[in-house]
Amino acid sequence: GLLEGLPEGQPAKLESLMVQPVPVELHIAVVAGFVSGSLTRLLVAPLDVLKVRLQLQIEPIRASHLSKYHGLYHATQKIFTEEGVRAFWKGSLSGQLMYAVFGAVQFTTYEASKKAFRKFFPIPESAELWELGTNFTSGCVAGAVATTVSYPFDVLRTRFIGQIEPKVYSNLYQGVAMMYSEKGLRTFYKGLTPSLLSITPQAGLVFGLYHTFTSIWDAVVPNESASSSLRSLACGTVAGILSKTAMLPLDLVKKRLQIQGFECARRPFGKVIYYRGVTHCLLSILLQEGALAFYKGTFPATIKVNDVDVFLFLSKDYVSQQCILPSLLIEELILLTVWALYY
């Protein structure tokens, strides 16, 4: 219809332009990532609560008169009976605020780092190795910056999840005020060291492993035999689980340090230990609880990884088909969103 009567070659050229994705500004991509990530975090919040509660328990996760939670199923029953269904969404507001700040800073820092890397380091003959190094380095830089900026909300989230009825912190404002009265701004950055030690290499692992696995997938699986959403889902899931499991011990140490000074809320759960720092915390857990204690909460963490992957990676094709975002930008955005939710 509209293309008839045009000079030879013009209809095909116009058709090719019409199917191209509509370019968007960076802030639109960030908003899109925040919306999808916020909804996903809302859905997986119960798993986050279970993971944190198991990580904070000093007693062994097994049937014992000393342990409050004997396992994942028992913890679910106990929380529901003692605190009600709303307890599974404790810390949601601070978690959403953390994600908003984390996601925006992470995405912009990641893109800026990649541009700077390409500017100062020319592409060598081994382009694949160079690309892997770029993704790894940019992911580490973005993870470190975003973690530091958004960290106060992470401490708030952990403390809200870690309290039982009656609450010590009734709302976000009271929580901020009481935390500031402890040791000022230092309270909001308790556990930052293990957080940076874990989140930074984890970011690099996620981006590096994802791009490595997608390269292997493209080499082994014919393009017509599987959809791109299946490719993203499979590679993203494996990358997420491997990177999360590798850094889980430091994540547990971070959680333990975040509640230092919050003992009044933790006593109803069982034993309370004061840790003098990262090294003391690591040694105390190893000697008193055993090496396996570093992996408390692994099961809900793994389920959370899979649920996040299914929700986010499968949305990549739909968004691409609607021409809302460029395909490459969507892939980067989805990967950033998934990694942020692991955090």
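**Pockets and cysteines of the predicted model**

The lining of the largest pocket comprises seven nonpolar, five polar and five charged residues (Ala, Val, Leu, Ile, Met, Phe, Trp, Tyr, Cys and Pro count as nonpolar, Asp, Glu, Lys and Arg as charged, and the others, Gly among them, as polar). The structure is a predicted model, in which local features need pLDDT of at least 70 and side-chain atom pairs count only at pLDDT 80 or more, whereas totals for chains, interfaces and linings use all residues. Residues are numbered from 1 along each chain as its sequence is written, and side-chain values use heavy atoms, with hydrogens and water left out.

The volume of the largest pocket is about 380 Å³. A pocket is an open set of points on a 1 Å grid over the protein atoms alone where a 1.4 Å probe fits, with protein on both sides within 12 Å along at least five of seven lines; lining residues have an atom within 4 Å of a point. Grid points are joined across faces, edges and corners, and a volume is the space filled by probe spheres set on the points. Of the 17 lining residues of the largest pocket, Lys-183, Arg-186, Lys-190, Gly-191 and Leu-257 are the closest to its centre.

The second largest pocket has a volume of about 310 Å³. Among its 17 lining residues, those closest to the centre are Trp-89, Lys-90, Gly-91, Phe-160 and Lys-167. Its lining divides into six nonpolar, six polar and five charged residues.

Zero disulfides (pairs of cysteine sulfur atoms within 2.5 Å) are present in the structure.
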